[in-house]
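Work through the exercises below with the sequence and the model side by side, and try each task before you read its solution.

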Amino acid sequence: MSYNKKLTIGLACASALGFGVAAWAGPDEDNLVINGEIEIVTEAAAPEHMEYVDTIYSGWRFRSDETQAVQADDFDNPSMIFVETAMEVWDTVEGTEGKSCSSCHNDVESLRGVRAVYPKWNEKAGEVRTLEHQINDCRENQMGAEKWKYTGGDMVNMVSLISMVSRGMPMNVAIDGPAQSTWEQGKELYYTRFGQLELSCANCHEDNYGNMIRADHLSQGQINGFPTYRLKNTKLNSVHARFKGCVRDTRAHTFKPGGPEFTALELYVASRGNGLSVEGPSVRN
């Protein structure tokens, strides 16, 4: 299908949903520097594997000045309350092995760069794993502790902590080698129409970014800022929780967080943001 035809179909769907297609507002030109010292790349050339987009933008660039300012200062960022909770858990001994996260990894700074390469292929497991999968593997097999709920508070807090120490580093998710088949599955899901509304991820975040949906502008759907504190529900939100909400909004049966479908989709969507900085935990509307 040609790009023009895709765009026409996307705009038609947008009109049916009440998007303000005439009220286009692309990304602003503001720069994000967190705490006056962590420079965040919010605009980059699109990765070679992207066919219909030349430039990629962080969702931060589509937000209001007021929302942008909240993320630019950790003192104002409400996510940091949950990060502090995770810092305490990092040093807390749990499970039958008498270990904490710090028993193996010492200071959390030792994981700087980890968030930037996930999801990734795990050779031992023979599968692509998200950061959440790996955390639960550590808890179960290294600590002898119970797994956390995939989208639960403990999990999203810990992912936020691990993301925070990688802020400013470029996303660099590998999609070749043994991960390629999972990436291809994720790409197929990204362009598949779901639900009674027959909408795909691409219809909103590729064909219509910058247009209005309800009272907000659509971003490109990049996930380099996840976990994300949403002002809408006043809590941290994980990638798969957001995927679940999007599929649900098409009036379709959704997939299980942590399952193979959303894992594949996360790999593909994360790869679309290669070159942008890790900026989570971010703040969005």
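The exercises that follow treat a helix, a sheet, a loop residue and a helix pair.

This is a predicted model, in which local features need pLDDT of at least 70 and side-chain atom pairs count only at pLDDT 80 or more, while totals for chains, interfaces and linings use all residues. Residues are numbered from 1 along each chain as its sequence is written, and side-chain values use heavy atoms, with hydrogens and water left out.

**Exercise 1.** Work out what span helix α10 should have, and find how it is enclosed.

Solution. Helices (H or I, at least four residues) and strands (E, at least two) are DSSP runs, numbered from the N terminus. The expected span of a helix is 1.5 Å times one less than its number of residues, so the 13 residues of α10 (260-272) should span 18 Å, which agrees with the 19 Å between its end C-alpha atoms. Next, count the buried residues (buried means under 20% relative accessible area, exposed over 50%, partly exposed in between, with a 1.4 Å probe and protein chains only). Eleven of the 13 are buried, so α10 is largely enclosed by the rest of the structure. Contact means heavy atoms within 4.5 Å, and what covers these buried residues includes β4 (55-57), α5 (131-141) and α9 (239-249).

**Exercise 2.** Find the strand order of the open sheet of three strands.

Solution. Two strands pair if DSSP finds at least two bridges between them. The order is β10-β9-β11, with mixed pairing, and the edge strands β10 (235-237) and β11 (282-284) each pair on one side only. Strand β9 (residues 228-230) runs parallel to β11, and three bridges join them; Arg230 stands opposite Arg284 in β11.

**Exercise 3.** Decide whether Ser277 is buried or exposed, and find what its side chain reaches.

Solution. Ser277 lies in the loop between α10 and β11. Its relative accessible area is 1%, so Ser277 is buried. Its side chain reaches the backbone nitrogen of Val41 at 2.7 Å. Leaving aside residues up to four places away in sequence, Ser277 touches several residues, including Glu39, Gly168 and Asn224.

**Exercise 4.** Describe how α5 and α6 are placed relative to each other.

Solution. Axes are lines fitted to C-alpha atoms, for helices over the stretch in contact, and angles run from 0 to 180 degrees between N-to-C directions. The axes of α5 and α6 (residues 153-164) come within 10 Å and cross at roughly 110°. Angles under 35 degrees count as roughly parallel, over 145 as roughly antiparallel, 65 to 115 as roughly perpendicular and the rest as oblique, and therefore α5 and α6 are roughly perpendicular to each other.

Note on methods:
A polar contact is a pair of N or O atoms within 3.5 Å; within protein, one must be able to donate a hydrogen and the other to accept it, and residues adjacent in sequence count only if both atoms are side-chain atoms.
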